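This report describes one protein chain for a reader who has the sequence and the structure at hand. Please keep the three-dimensional view open while reading.

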Amino acid sequence: MDIKSTKYYIYWLFCQFELITCSYLMEPWEKLLFYTFNITMLATLLYTAYVFVPGHICSAFQFFFHLFGNQHENTVSIVK
């Protein structure tokens, strides 16, 4: 892929983003606040997903393994 066409495509995506959010109508200081808020929210979302989602997935797997009969050794009752 050509570098020039990649640069043009990224610019085109940015223009589409500005059209969808109507941020092309904003003053420069409003754009700065708007983009800062959006980037902060995206960073917070990514950090939360990185920190908390693996733990929830692990808990869900443990729940379903317990539900379907795959129990840990310390929870298995031994009947003689």
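## Overall architecture

The model discussed here is predicted. Its chain has two helices and zero strands. Helix α1 covers residues 3–21, and helix α2 covers residues 28–67.

Buried residues make up 4% of the 80 residues in the chain. The accessible surface amounts to about 7700 Å², and carbon and sulfur atoms account for 72% of that surface.

## The annotated transmembrane region

An unreviewed UniProt entry places the feature "transmembrane region" at residues 32–53. In the model, this span is 100% helix and 0% strand.

## Aromatic pairs

A pair of aromatic rings is described by how far apart the centres are and by the angle of the planes. The structure holds six aromatic pairs. One of them is formed by Tyr-9 and Trp-12, whose ring centres are 5.9 Å apart with 20° between the planes. This pair counts as stacked because the angle of 20° falls under the cut-off of 30 degrees. Tyr-9 and Trp-12 are three residues apart in helix α1, so about one helical turn separates them. Tyr-9 is partly exposed, at 45% relative accessibility, and Trp-12 is also partly exposed, at 39%.

A second example is the pair of Phe-17 and Tyr-35, which is tilted, with 6.1 Å from centre to centre and 35° between the planes. This pair links distant parts of the chain: Phe-17 belongs to helix α1 and Tyr-35 to helix α2, 18 residues apart. Phe-17 has a relative accessible area of 32% and is therefore partly exposed, since the buried class requires a value under 20%. Ring pairs also join Phe-14, Phe-17, Phe-34 and Tyr-35 into a cluster.

## The loop between the helices

Where is Cys-22 placed? Cys-22 is in the loop between α1 and α2. At 38% relative accessibility, this residue counts as partly exposed.

The backbone at this position deserves attention. Most residues other than glycine have a negative phi. Cys-22, although not a glycine, has a positive phi of about 60°.

## Summary

The predicted model contains two helices and zero strands. The pair of Phe-17 and Tyr-35 links α1 with α2, and Cys-22 lies in the loop between them.

Note on methods:
Residues are numbered from 1 along each chain as its sequence is written. This is a predicted model: local features need pLDDT of at least 70, side-chain atom pairs count only at pLDDT 80 or more; totals for chains, interfaces and linings use all residues. Side-chain values use heavy atoms; hydrogens and water are left out. Rings of Phe, Tyr and Trp (its six-membered ring) pair if their centres lie within 6.5 Å; planes under 30 degrees apart count as stacked, over 60 as edge-to-face and the rest as tilted. Helices (H or I, at least four residues) and strands (E, at least two) are DSSP runs, numbered from the N terminus. Buried means under 20% relative accessible area, exposed over 50%, partly exposed in between (1.4 Å probe, protein chains only). UniProt positions are given in the numbering used here, feature names are shortened, and annotations may be inferred rather than shown by experiment. Accessible areas come from the Shrake-Rupley method with a 1.4 Å probe; for residues, only the protein chains shown count as cover.
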